[in-house]
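This report concerns the model displayed below. Please keep the sequence and the structure in view while reading.

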Amino acid sequence: MRNLFLCCSLLLVFNSCKDGEEIARETPTEAVFVSFQDMPDEPKMNPEALEILASWPEFKALETSFQVLYQSSNNEDLALAVTNVLEKEKALATSPYPELYDVPQIKSRQRVLRTFLLKVSASLAQRTDVNQPLEQMFLANNAWLNQFNVLVNNQLDLNQILDAQ
């Protein structure tokens, strides 16, 4: 009985040591390559919206740094690009908005975009999978860009509607 207990104890100890060894080998030590092929495409912008946005230098700077994001090939490049986009987004948030776009619909979608940029940045810092946060960030950016189109295409005058009541 004593021998059986000793054998089972040794077997248990050897199996538990083996699991710790496997965990140590799974730690990522090399750069992970990022693919943007499965990410959502940018929406087609209305020419009138592009005309208004062309006169907004902070927006152009953000879009330029966002395009650099697509050129990153590994996590280190992506981390630098995301940091640059975050800086440009901060500058955009403090800049004066064009009159048509100085509305809560644009500013709230911009905050959502910032949230997902921070989520991608955190995933990169923790060395976890960045595909899902990246997809969410691109979807948030697309929703933000679509809202520019919606505001340009909107023909309703809210002041007339509110005054009629």
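## Helices α3 and α6

The model is predicted. Helix α3 covers residues 57-70 and helix α6 covers residues 131-153. Their axes come within 13 Å and cross at roughly 145 degrees. The crossing of α3 past α6 is left-handed.

On the α3 side, the contact is formed by F59, L62, E63, F66, L69 and Y70. On the α6 side, M137, F138, N141, W144, L145 and F148 take part. Sorted by class, the contact of α3 with α6 comprises 10 nonpolar residues, one polar residue and one charged residue.

## Aromatic pairs and the aromatic cluster

Eight aromatic pairs are present in the structure. One of them joins F59 and F148 in an edge-to-face arrangement. The ring centres of F59 and F148 are 5.4 Å apart, and the angle between the planes is 80 degrees. This angle counts as edge-to-face because it is over 60 degrees. The pair connects distant parts of the chain, with F59 in helix α3 and F148 in helix α6, 89 residues apart.

Both partners can also be described by their accessibility. F59 has a relative accessibility of 6% and therefore counts as buried, the limit being under 20%. F148 is likewise buried, with a relative accessible area of 0%.

F59 and F148 belong to one aromatic cluster, together with W56, Y97, Y101 and W144.

## S65 in helix α3

S65 is a further residue of helix α3. At 3% relative accessibility, S65 counts as buried. Residues up to four places away in sequence being left aside, S65 touches N84, V85 and K88.

The separation of S65 from E89 is 24 residues in sequence. In space, the C-alpha atoms of S65 and E89 are 9.7 Å apart.

## E76 in helix α4

Helix α4 spans residues 75-94 and contains E76. With a relative accessibility of 39%, E76 counts as partly exposed, since this class lies between the limits of 20% and 50%.

E76 and L124 are 48 residues apart in sequence. Their C-alpha atoms are separated by 8.3 Å in space.

How values were computed: Residues are numbered from 1 along each chain as its sequence is written. This is a predicted model: local features need pLDDT of at least 70, side-chain atom pairs count only at pLDDT 80 or more; totals for chains, interfaces and linings use all residues. Side-chain values use heavy atoms; hydrogens and water are left out. Axes are lines fitted to C-alpha atoms, for helices over the stretch in contact, and angles run from 0 to 180 degrees between N-to-C directions. Helices (H or I, at least four residues) and strands (E, at least two) are DSSP runs, numbered from the N terminus. A crossing is left-handed if the near helix is turned anticlockwise from the far one by less than a right angle, and right-handed if clockwise. Contact means heavy atoms within 4.5 Å. Ala, Val, Leu, Ile, Met, Phe, Trp, Tyr, Cys and Pro count as nonpolar, Asp, Glu, Lys and Arg as charged, and the others, Gly among them, as polar. Rings of Phe, Tyr and Trp (its six-membered ring) pair if their centres lie within 6.5 Å; planes under 30 degrees apart count as stacked, over 60 as edge-to-face and the rest as tilted. Buried means under 20% relative accessible area, exposed over 50%, partly exposed in between (1.4 Å probe, protein chains only).
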